[in-house]
Amino acid sequence: MRRSEINDIMAEADAMIRHFGFALPPWAYWSPAEFKARVVDAQAVIDARCGWDITDYGAGRYDQMGLFLFTLRNGRLADLQRGGGMCYAEKLLISKQDQLSPMHTHVIKAEDIINRGGATLVIELYGAAADGTFDPDAGGSVMCDGIRRDFGPGDKLRLAPGESVTLMPGDWHAFWGEGGDVLIGEVSTVNDDETDNIFRDPIGRFADIEEDVGPTHLLVSDYAAWLTR
């Protein structure tokens with residue numbers, strides 16, 4: 001992805017988030033220079049990998065396959081492992097109309113996916129084989145706003161604004177906006193985008209970036225390179 005495209009997506013996403021009555025934390029708007037100057041103050045944000053996250057899954061077709069994310073808060077895996085402390089995470093996502101977030105599951109993370117506003121969110125579901133791998137013939141069950149709902153392989157949930165689904169580890173899922181763009185909330189256990197996204201097909205989690213202009217704000221995937229210069 002070109003950095004200029006990423007900057008434009010950030011601006012559009014911020015406008016949509018504000019339209020639905022949400023606001024990002026102040027550090028979301030720091031320039032790269034300010035972030036670098038305040039790296040000590042922001043170390044917890046950096047360590048938790050909170051912030052802007054825009055991906056085309058390495059395919060170079062963002063409008064067809066991609067996702068906007070902003071991680072608002074993220075807990076500590078050590079707390080989750082010992083069973084107490086900050087064991088939760090929260091994100092805002094935007095899924096554009098017909099923009100696929102490809103089929104994947106998680107080993108650790110359980111997540112509530114909430115339609116916070118906009119169009120209909122479609123979630124395609126499959127169950128897992130006994131070893132957790134994708135099974136094209138497996139169904140299962142999920143909780144939709146606390147109500148059990150059984151699904152067959154490839155069934156599609158359609159969530160209107162205000163509706164949600166709880167996905168557990170091993171629930172294979174893909175999603176997209178139907179009829180327009182969707183603002184999505186995600187409330188989950190500790191989030192690890194480096195190792196806990198298991199895709200059905202061999203694709204990347206993060207975008208490759210062409211630096212045609214400077215960044216308006218840093219992505220989570222920029223921290224290692226930009227904040228150690």
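1. Patches are made of residues with over 30% relative accessible area and no salt bridge; like charges are joined within 9 Å, and nonpolar side chains (Val, Leu, Ile, Met, Phe, Trp, Tyr) within 5 Å. Accessible areas come from the Shrake-Rupley method with a 1.4 Å probe, where for residues only the protein chains shown count as cover. On the surface of this structure, Leu77, Val107, Ile108 and Ile198 form a nonpolar patch, with about 320 Å² of accessible area together.

2. The model is predicted: local features need pLDDT of at least 70, side-chain atom pairs count only at pLDDT 80 or more, and totals for chains, interfaces and linings use all residues. Residues are numbered from 1 along each chain as its sequence is written, and side-chain values use heavy atoms, with hydrogens and water left out.

3. Leu77 lies in helix H4 (residues 77–82); helices (H or I, at least four residues) and strands (E, at least two) are DSSP runs, numbered from the N terminus. The relative accessible area of Leu77 is 36%, which makes it partly exposed (buried is under 20%, exposed over 50%, partly exposed in between, with a 1.4 Å probe and protein chains only).

4. Pockets and cavities are found on a 1 Å grid over the protein atoms alone: a cavity is a set of points where a 1.4 Å probe fits but cannot get out, a pocket is an open set with protein on both sides within 12 Å along at least five of seven lines, and lining residues have an atom within 4 Å of a point. Grid points are joined across faces, edges and corners, and a volume is the space filled by probe spheres set on the points.

5. The largest pocket has a volume of about 190 Å³. It is lined by 15 residues, of which Ala48, Arg49, Asn74, Asn191 and Asp192 are the closest to its centre. Its lining divides into five nonpolar, four polar and six charged residues (Ala, Val, Leu, Ile, Met, Phe, Trp, Tyr, Cys and Pro count as nonpolar, Asp, Glu, Lys and Arg as charged, and the others, Gly among them, as polar).

6. The second largest pocket has a volume of about 160 Å³. Among the residues lining it are Trp27, Cys50, Leu72 and Met86. Helix H3 (43–47) gives the most to this lining, with three residues. The lining of the second largest pocket holds seven nonpolar, two polar and two charged residues.

7. There are two cavities of 30 Å³ or more. The largest cavity has a volume of about 160 Å³; of its 19 lining residues, Leu67, Leu69, His104, Glu186 and Asn197 lie nearest its centre. Strand S10 supplies the largest share of that lining, three residues. The second largest cavity, of about 40 Å³, is lined by Leu77, Ile108, Val190, Asn191, Asp192 and Asp196.

8. The count of salt bridges is 18 (a side-chain nitrogen of Lys or Arg within 4 Å of a carboxyl oxygen of Asp or Glu). In helix H1 (residues 3–19), Asp14 and Arg18 are four residues apart, about one turn of the helix, and their side chains meet in a salt bridge at 3.2 Å, N to O. Asp14 is buried at 15% relative accessibility, whereas Arg18 is partly exposed at 46%.

9. Arg38 forms a salt bridge with Glu34, with the closest N and O atoms 3.6 Å apart, and Asp41 forms one with Arg38 at 3.7 Å between the closest N and O atoms. Asp41 is exposed, at 61% relative accessibility. Elsewhere, a network of salt bridges links Asp53, Lys91, Asp193 and Arg205.
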